[in-house]
Amino acid sequence: MEAVPRMPMIWLDLKEAGEFAFNAAVKKSAVSVPRDFEGCSTLRKYLGQLHFLQSRIPMGAGQDAAVPVTWTEIFSGKTVTHEDIKYEQACVLYNLGALHSMLGAMDKRVSEEGMKVSCTHFQCAAGAFTYLRDHFPHSYSVDMSHQILSLNINLMLGQAQECLLEKSMLDNRKSFLVARISAQVVDYYKEACRALENSETAALLGKIQKDWKKLVQMKIYYFAAVAHLHMGKQAEEQQKFGERVIYFQSALDKLNEAIKLAKGQPETVQEALRFTMDVIGGKYNSAKKDNDFIYHEAVPALDTLQSVKGAPLVKALPVNPMDPAVTGPDIFAKLVPMAAHEASSLYSEEKAKLLRDVMAKIEAKNEVLDQFMDSMQLDPETVDNLDMYNHIPPVLMEKCAALSVRPDTVRNLVQSMQVLSGVFTDVEASLKEIRDLLEEDEAQERKLQELLGQVPPAPGSPPGLAEVSKECSKYLELHEKASFTNTELHRAMNLHLGNLRLLGGPLEQVRAALPTPTLSEDDKQVLQNLKRILAKVQEMRDQRMSLEQQLREMIQKDDITTSLVTTDRSERAALAPSPTDPPLSLQKLFEEQLRKYDQLKVYLEQNLAAQENVLKALTDANVKYAAVRKGLAEVEHKWNTTVQTLVASYEAYEDLMKKSQEGKDFYTDLEGKAA
């Protein structure tokens, strides 16, 4: 069936324009459009600009700036005039639908692309007629009455579905789907036929009614035959041979009815009917013969089988006169009525109120969160500090590096202290020897006096030795004081010597000397859980900030002045704000506009509501973390103390060398004096 010749389509004539006191060049280009896609684009742009104009200037029926608008009525050829710019819009909209119907019918639909383009044109035509029927008065002219527009809509949708059916057969879609698509074509055409059979509609259409009715009735039977043909093919696939016979027989009966109604139709229709008869006739004869001689299945009555339900896969594509992508820039954009300014100002206050309400909730939750986190004293970055134990801290690495380029550090310090000890010992021996000599000399002097004078000797040394004895006592006193300092210096050296050897050795030994925590599997699980919840807290904060920023930016960019300006003047008259509160109609408009924030508000509400559960989970995790935290704090304290001790040992080295040298200088001087 994919090769069946295409059925002709119905299309509508365009209305002819008469008087309208508008710019002549604009008027000419808008009413004498080329019969192609560019013409559709021109009509849409003109329609949009008319909408922008009538929303600012009182050109409606009975308004101050209204001017006569004249168009020819399609069926009678009479001119119809109304002093209403909406009549101009209605006629342009009618022509838009008519032009789309013409373009859809022009294509031969022999290619896949042609079928798709025609289908789109018919859907656009249905959209134009639907917008005209639903948004404009039906009393302008006969060709734009409710009955005629409803007829046009069903015709266009039926023809769009017919194009889709042709494409489905070309693509070899499943038989049941093709049957449902074809059944929907029948449904659309039946609706159109009911309108065509209505006496009132028939009177409005005139002589064209008979031609349309004959074609539509023929198509109803034809596409019903196509639907039953494919139901028979589905029964064949399911090996229901009795059903196959009755479906093919029904298809044949309906096709014969279509052939009867096709008298007087063009040759393309006759070709399509002959082609389809060959297909269905062949299918029926083959199916009946097979069932009679092979399968012997009972042939059910058609009314006992489930009816084919149509599948509507096309729709009236909507028309939006205010879509800037279609209408182009609003050439009347600078004309903003005062009422629109005032209404926009009121809307700004509504936006500000919305933001204040949302921010009050956010700030209250943030305050609770900040206080809670401060009381916990938990830093997500350092909650366990486990990573720091895997590395030598930079300050210690610096000391190790400094000692690595001075490998004799420890040896120099030991040698310096040994030299100091040697000098110390020599000076001490010299001073003791001097003291012993003086004491011996004093004792001999005393004995001599006893022998000579037989009188008690005078206390003290003889005048010549008294000065020497005094000097010796002073040096001995200095030596005793220096001895204490020397002892302290040796103790300090012994204290730092091991640390200096460690810092000058391999880095592995330095790392091993630093304390590290030992955690059980349970401890690690507690830590992991705490870090996960802390990450949730941060994620909640970040999301909240992001949503708040989105809300602020959205409110900042939200300007409905253009929407207020381009609202129909009759509607906008009811939107004019009162000195106190906006009227109900304006309030309703604001409510509709503010709905764009609903989704963002829902996300924020969900974020704020989640805080209680997150903080409860964090509290529970922190309780389990207490023991682990204490152990980690103790290890961290030991680690810091060890690092500080090693750094202190390095920094003490220079001081030890300096004091050692000062000690050597002191004893060298003292040794000279003793000598």
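Leaving aside its neighbours within four places in sequence, which residues is Met 218 in contact with, where contact means heavy atoms within 4.5 Å? Select Met 218 and look around it: the residues in contact are Met 7, Ala 258, Leu 261, Ala 262, Val 269 and Leu 273.

Before going on, some notes on the model. This is a predicted model, in which local features need pLDDT of at least 70 and side-chain atom pairs count only at pLDDT 80 or more, while totals for chains, interfaces and linings use all residues. Residues are numbered from 1 along each chain as its sequence is written, and side-chain values use heavy atoms, with hydrogens and water left out.

**The whole chain**

Show the protein chain as a cartoon, and you will find 21 helices and three strands; helices (H or I, at least four residues) and strands (E, at least two) are DSSP runs, numbered from the N terminus. Of its 675 residues, 43% count as buried, a word that stands for under 20% relative accessible area, with exposed for over 50% and partly exposed for what lies in between (1.4 Å probe, protein chains only). Among contacts between residues at least 6 apart in sequence, 81% join residues at least 24 apart.

**The cores**

Next, select Leu 93, Met 218, Tyr 222 and Leu 273, which touch the most other members of the largest nonpolar core, a set of 94 residues. A nonpolar core here is a set of buried Ala, Val, Leu, Ile, Met, Phe, Trp, Tyr and Cys residues joined through side-chain atoms within 4.5 Å. Helix α3 (residues 85-106) gives this core its largest share, 13 residues. A second, separate core has 20 residues, among them Leu 369, Met 373, Leu 534 and Leu 618.

Now select α3 together with helix α4 (residues 112-135): their axes come within 7 Å and cross at roughly 160°. Axes are lines fitted to C-alpha atoms, for helices over the stretch in contact, and angles run from 0 to 180 degrees between N-to-C directions. The two helices α3 and α4 are therefore roughly antiparallel, on a scale where angles under 35 degrees count as roughly parallel, over 145 as roughly antiparallel, 65 to 115 as roughly perpendicular and the rest as oblique. Where they meet, Leu 93, Tyr 94 and Gly 97 are among the residues of α3, and Phe 122, Ala 125 and Phe 129 are among those of α4.

**α8 and α9**

Move on to helix α9 (residues 241-261), whose 21 residues should span 30 Å at 1.5 Å a residue, in agreement with the 31 Å between its end C-alpha atoms. Its buried residues, including Phe 241, Tyr 247 and Leu 255, pack against α8 (208-237) and α10 (267-295). The axes of α8 and α9 are 8 Å apart, at an angle of about 165°, and these two helices are therefore roughly antiparallel to each other.

**Two single residues**

Select Val 69, in strand β2 (residues 69-72); Val 69 is buried, with a relative accessible area of 0%. Finally, go to Pro 329, in the loop between α11 (324-327) and α12 (338-376), which is exposed, with a relative accessible area of 70%. The C-alpha atoms of Pro 329 and Gln 49 are separated by 8.7 Å, although the two are 280 residues apart along the chain.

Methods. Expected span 1.5 Å × (residues − 1). Contact = heavy atoms within 4.5 Å.
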